[in-house]
Amino acid sequence: MKLTFVIVAIAMATAAGLTPKETASGRKLYADKCGRCHKAFKIEKYPAPAWNMWMNQMTAKTKLTQKEADLLTRYLQSLRTSLAENGGSGASQH
Ligand code: HEC
C-alpha cells in the first residue's frame, strides 16, 4: 500500500473518531484477516446495504472477536464516510 494512502487514511479515519492506534489496528485487521482468502475489497465500490450484508457473512467466516469485529466495522465505516466526502479522490488504492 502506498504511504500517501496510509497517511490520508489515518488522517481521515482519525477525523471520523478513531484514535490513530485504532485506525492502525483496523487497517491491520482488514489486511490480515479479510485479506487471507481474497484481496481486500474496496468498501467504496459497494452500496452500504450490500457491504453490510457481506460484512455479516464475512465476520462469521473470519472468526473475529466481538471487539475486533466492532473495530473493523468502525474502521471501514470511517473509510466509507471520508471517501464519500472526498469523492474518492486522493485516496485511490491502485
Ligand atoms: C475464510 C475465507 C474468507 C475470509 C476470512 C473473508 N472472506 Fe470475504 N469472501 C470469501 C469468499 C469465499 C467469498 C465469495 C462469496 C461467498 O462464497 O460467500 C467472499 C466474498 C467477499 C465479498 C464480496 C465480493 C464480491 O463478489 O463482490 C466481500 C465484500 C468480502 N468477501 C469481504 C470480506 C471482509 C470485509 C472480510 C473480513 C471481515 C472477509 N471478506 C473475510 C472468503 C473469505
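## Overall makeup

Of the protein's 94 residues, 30% are buried, meaning under 20% relative accessible area with a 1.4 Å probe and protein chains only. This is a predicted model, in which local features need pLDDT of at least 70 and side-chain atom pairs count only at pLDDT 80 or more, while totals for chains, interfaces and linings use all residues. Residues are numbered from 1 along each chain as its sequence is written, and side-chain values use heavy atoms, with hydrogens and water left out.

The protein has four helices and zero strands, taken as DSSP runs (H or I, at least four residues, for helices; E, at least two, for strands) and numbered from the N terminus.

## Iron site

His 38 (NE2) and Met 58 (SD) are the protein donors of the ligand's iron atom, at 1.9 to 2.2 Å from it; donors are N, O and S atoms within 2.8 Å of the metal (3.2 Å for Na, K and Ca). His 38 sits in the loop between α2 and α3 and Met 58 in helix α3, 20 residues apart.

## Nonpolar core

The largest nonpolar core contains 14 residues, and Tyr 30, Trp 51, Leu 72, Tyr 75 and Leu 76 have the most contacts inside it. Such a core is a set of buried Ala, Val, Leu, Ile, Met, Phe, Trp, Tyr and Cys residues joined through side-chain atoms within 4.5 Å. Two or more residues each come from α2 (20-34), α3 (48-62) and α4 (66-85), with α4 giving the largest share, six residues.

Leaving aside residues up to four places away in sequence, Tyr 75 touches Leu 18, Thr 23, Gly 26, Arg 27 and Tyr 30, a contact being heavy atoms within 4.5 Å.

Key. Buried < 20%, exposed > 50% of the residue type's maximum accessible area, 1.4 Å probe, protein only.
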